[in-house]
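Good morning, and thank you for coming.

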Amino acid sequence: MAGHAVEHDYHLIPPSPWPFLSGVACMIWGLGMVVFFAGLVDRTGESPMMEFFFANGLDSLKSTMTGDGSVNGGWILLLLGSLMAAYVMYGWWRDVARESEAGDHTPVVDIGLRYGMIMFIMQEAMFFVGWFWMFFELGLFHKVRATWNPDILENAAGYADSMAPGVTSVNAWHLPLMNTLILLLSGTTVTWAHHALMHGDRKGAKWGLFLTIALGVLFTFLQLIEYAELYHLRETGHEAWIGNDAYGSAFFMATGFHGLHVLIGTIFLFVCWARLMKGGFKPEKHFGFEAAAWYWHFVDVVWLFLFAFVYIVFAIGGGVH
Amino acid sequence: MVAIPEGKVGGYGAHDDDDDKPGFFARWFYSTNHKDIGTLYLIFGIISGLIGGYLSFMMRMELAEPGIQFFDTGHQYNVFASMHGLIMIFFMVMPAVIGGFGNWFVPIMIGAPDMAFPRMNNLSFWLLPVALICLLISFAVPGSASGNGFGGGWVMYPPLSTSGAPGPAFDFIIIGLLAAGFSSIFGAINFITTILNMRAPGMTMHKMPLFAWSVLVTAFLLLLALPVLAASLFMLFTDRIDGGTGFFDPAMGGDPEMFQHLFWFFGHPEVYIMILPAFGIVSHVVSTFSKKPIFGYLGMAYAMVAIGVVGFVVWAHHMYTVGMDVDLKAYFLAATLVIAVPTGVKIFSWLATMWGGSIRFTIPMQWALAFIFLFVVGGVTGVMLANAGVDVALHDTYYVVAHFHYVLSMGAVFGIFCGFYYWFGKMSGYLYNKWLAAAHFWLFFIGVNVIFFPQHFLGLNGMPRRYIDYPEEFELWNQVSSFGAYITLAGVFFFFAMLVEAFIRRRPASENYWGEGATTLEWTLPSPPPFHIFNTLPRIEDTDDGH
C-alpha cells in the first residue's frame, strides 16, 4: 500500500508529543496533589524526613496563613504540573485550530467531533449524578438511618439534625440568586454571539462572547465572595453556619466542582474568543465555538439543579422526613 | 520541554501517506496509530499481569499451609490482596481487552483507517503508566500504623480507606485510579465516536462484527460508570483530609454505606466492562473454527446491549449484608436474575453455532471452549450468590472468591488469551509454535481449575476471605489450591517461551491463516497490516451473512 493515495475523508494525524507530555504533566500534578494534601509520611506520625516534600501541605498552608511560614514542596509540584498542562493544552489546541484552518476537518470529521463532545458532556453529567446522589441520599434518608443504624446511636440526635429541614445555609435569595441570573444571562449572550457569527456579524460575535466570558468571571468572583464569607463564619465559630457536617460537605464539594467546571467553561470560551479575535471561525463552520457553547449550557443546567435543591429546597425546610 | 518544528510534528510530515514509519521515539511515544497504541496497551497489560500475578502467587504460597510463612505482618498480606485486585482489573484486563484488542481490531473490523481521535487515543494510553506508577509508589509509603501500603481491599470501603488508612499510600491509589479512570473515559469517547461515525460504506450497525458491538456496549458502560467512581474517589480524598468533608463519617452525619452504593454503581458495570469484549472475541473464534456464521447474530448483539443496560440497576447485590431493607433485597435479587437471560442467550448461541459446524480444535478454539465452560461455572455460582438469603451465608467467603475468579480470572483472562492466539499472527506477522501454545493452554486450564474449584468447598465450609491464616480443617483444599498456582505458573513460563520462540523463528503468517471460516475485514489485510490501512475504504456488499 506504500504510495497509495488516501481516498477517504477521515483525518489521519501525524505523531504528536502532546498526549505523552500530558501524561508527564499528570504525573507531576498527581504527585503534587498527594504531597500537598497528605505529605509523604503518615498523617499520624512525626516527620523525621525532609520537611519540603514530606510534610502535610495543608498544615504548611495553614501555618503560612497564620504567619508561621514553612514551605511545602506540594505547591511547587502542583504549580509545575499545572504550567506543563497549560503548555500542553496551548500546543494541542493550536494544532487542532491549524488543522481546522488547513481543511482537515471534513464534514465527516466534523460529525465525529460533535459525537465526541456529546459523549464528553454525558460523562460530565454522570460525574454530577454522583454528587447529587450523595446529596439526596443524605438529605432524604438521614432520619431513617438514624433510627436503625446501631453504629451511630451514640450520636443519633446530631445525626438526625445534620441536613435536617431548616438547616442554616447560605441565603438562596442573595448571592446565589444573583449567580443564577448571571448564568442565565450568559446563556443569552452566548446565543447572541452564535447567531451573530452565523450571520457574518463578527463584531457582534466578539461582543457577545466577551460579555459571556465577563459574566463567567463575575460568577466565579461572586462564588469566591460567598466562600470567603462562609470560611469567615466557620473560623469565628458562628453558629449560623454548620460547615462541619454532611450538608456542608455536599454543599462545598458540589458547588466547588460546579465552580471548577465554570472555570473550565470560561477558559474554553476565552480560547474561542482569542481565535475569533485572530480571525478564526467561519459563518458556516465554527464547531470549536459551538462545543464551548454546549459546554456552557451544560454548566448552566447543573447550576439550576444546585440552586433549586442544594440552596433552596433543603435550606427552607423541604426535607421529606 | 520538546521543541516542535512548525508544521512538522514529531519530525513527520502532516500528509505523508506512504508506509514510512516515524522514528523509534516518535513512533512509540508520540504515536497516533491505532495499531501501535494497541501494541503498547498489550505490552502494558502483560507487564501489569506479571506484577498482579506475582502478588497472587505470593498469597497462594502463604496460604499453602496454616500459620504465617512468608509475610511479616497481616497488613502486608492485605496490601498484596488489595493491590492484586486493583492491578489485575484496571491495569491488566481493561488495557489488554479494550485498549489492546479494541484499538487493534475495532477500526479494522469496521473498515476505518484509524480511530476517530488518534491523539486522544495516545493520551488514554499514557495516563495508564502514570496510574500504575502511582499504585507502585503506594507500596512504599506509609499506609496505616501497621505499615506501608494500603490493605483495605480493592473495594476501598470507608472507614478502612479513611480513618483506617491515614497515610499517603491510599492517596496515591486515589490519584492513580483517577488517572486510570480518565484514561478509560477518553478511550470510551474514542470508541463510541469511531464506531458510530467511521463504519465503512455499506456496513450498517446490524452488519457490524460482534467484537465491535461488544466494545461499543463496553464503551457506553465506561462512559456512564467511571465518572461516578471519580466522584466517590474525590469524596474519599476530601474525607481523608484533616478538617475536610464527612460524606462517609457518621460522626458528621455522613454514611459509610453510601460509598458502597456509589462504588458498586460503578463496580457492577465494571464487571461487564471486563467480560463483554471477551464475549465478542469468543463469538468470532467460535464462528471461525466452526466454519459457520454466528448463530442468532442480532440476538447476540442485543443480548450484550441488554446485559449492559440491566447491569446498571443491580449494583446492591454486592451489599446484601449491609442491612438494607428486605424489599430492596427482593428487587436487587430479581433484577440480578434477569441478567441470566441475555447471558443464557449468548451461551446457547455459541453452542448452536458449533452445532453441525465443522469444528477445528485450534489453540484459540480451545481457549474459547474453555471460556464457555468456565464462564458457565462462574455464571451458575453467580445465580446462587444473587439470592439474598443464600448470600448472607456465603458473603465474604471463599465461595465468592471462587465465583468471581471463574468469571474474571478465567472468563475474561481466557477471552484475552483466546484473542491473543487468534490474532497473534495478524498482529506480529509470525506464527506461534503450536506445541508451546498447547502446553500453555493445558497447564493454564488445569492450573486455574485446581486453584479455584476447591475454593468453592472452602467457602461453603465457611472460610472467610482476606485472612492471612486459617484453622487447620481448611488445610487440605488450601494446599490443593496452592498447588494449582504452581501449575499455572508453569503455564505462564510456556506463554513467554511461546512468545520468544515465535519472535526468534519468525515463521511468516499469511493474510488469512485461519482459512475460510475467518470472514471479518482483518483477514483481508496482510499480516501484519501496513502502517496505514484502508486508504481506499472497503465496501461491504449487501449479503445476508455479511457480518
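At what angle do helix 2 and helix 14 of chain B pack, and how far apart are their axes? Before I answer, a word on conventions. This is a predicted model, in which local features need pLDDT of at least 70 and side-chain atom pairs count only at pLDDT 80 or more, while totals for chains, interfaces and linings use all residues. Residues are numbered from 1 along each chain as its sequence is written, chains are lettered from A and ligands numbered from 1 in the order in which they are written, and side-chain values use heavy atoms, with hydrogens and water left out.

Now to the answer. Helix 2 (residues 34–62) and helix 14 (residues 475–505) of chain B pack at about 155°, and their axes lie 10 Å apart. Axes here are lines fitted to C-alpha atoms, for helices over the stretch in contact, and angles run from 0 to 180 degrees between N-to-C directions. Helices (H or I, at least four residues) and strands (E, at least two) are DSSP runs, numbered from the N terminus. Helix 2 of chain B and helix 14 of chain B are therefore roughly antiparallel; angles under 35 degrees count as roughly parallel, over 145 as roughly antiparallel, 65 to 115 as roughly perpendicular and the rest as oblique.

Helix 2 of chain B passes helix 14 of chain B in a left-handed crossing, a term used if the near helix is turned anticlockwise from the far one by less than a right angle, with clockwise giving right-handed. Among the residues making the contact are B:Ile46, B:Leu50 and B:Phe57 of helix 2 of chain B, and B:Leu489, B:Val492 and B:Phe495 of helix 14 of chain B. Contact means heavy atoms within 4.5 Å. The residues of this contact comprise ten nonpolar, three polar and one charged. Ala, Val, Leu, Ile, Met, Phe, Trp, Tyr, Cys and Pro count as nonpolar, Asp, Glu, Lys and Arg as charged, and the others, Gly among them, as polar.

A second pair in chain B is helix 3 (residues 74–109) with helix 4 (residues 118–140), packed at about 165° with axes 12 Å apart. That angle makes helix 3 of chain B roughly antiparallel to helix 4 of chain B, and their crossing is left-handed. The contact includes B:Phe90 and B:Phe91 of helix 3 of chain B and B:Leu128 of helix 4 of chain B. By class, this contact has 13 nonpolar, three polar and no charged residues.

Let me turn to one residue. B:Ile281 lies in helix 7 (residues 256–290) of chain B. Is B:Ile281 buried or exposed? With 0% relative accessibility, B:Ile281 counts as buried, where buried means under 20% relative accessible area, exposed over 50% and partly exposed in between (1.4 Å probe, protein chains only). The C-alpha atoms of B:Ile281 and B:Gly415 are 6.6 Å apart, although 134 residues separate them along the chain.

Chain B as a whole contains 14 helices and two strands. Of its 547 residues, 65% count as buried. Chain A has ten helices and zero strands, and buried residues make up 50% of its 321 residues.

Finally, in chain A, helix 9 (residues 246–277) and helix 10 (residues 287–313) pack at about 160°, with axes 9 Å apart. Helix 9 and helix 10 of chain A are therefore roughly antiparallel.
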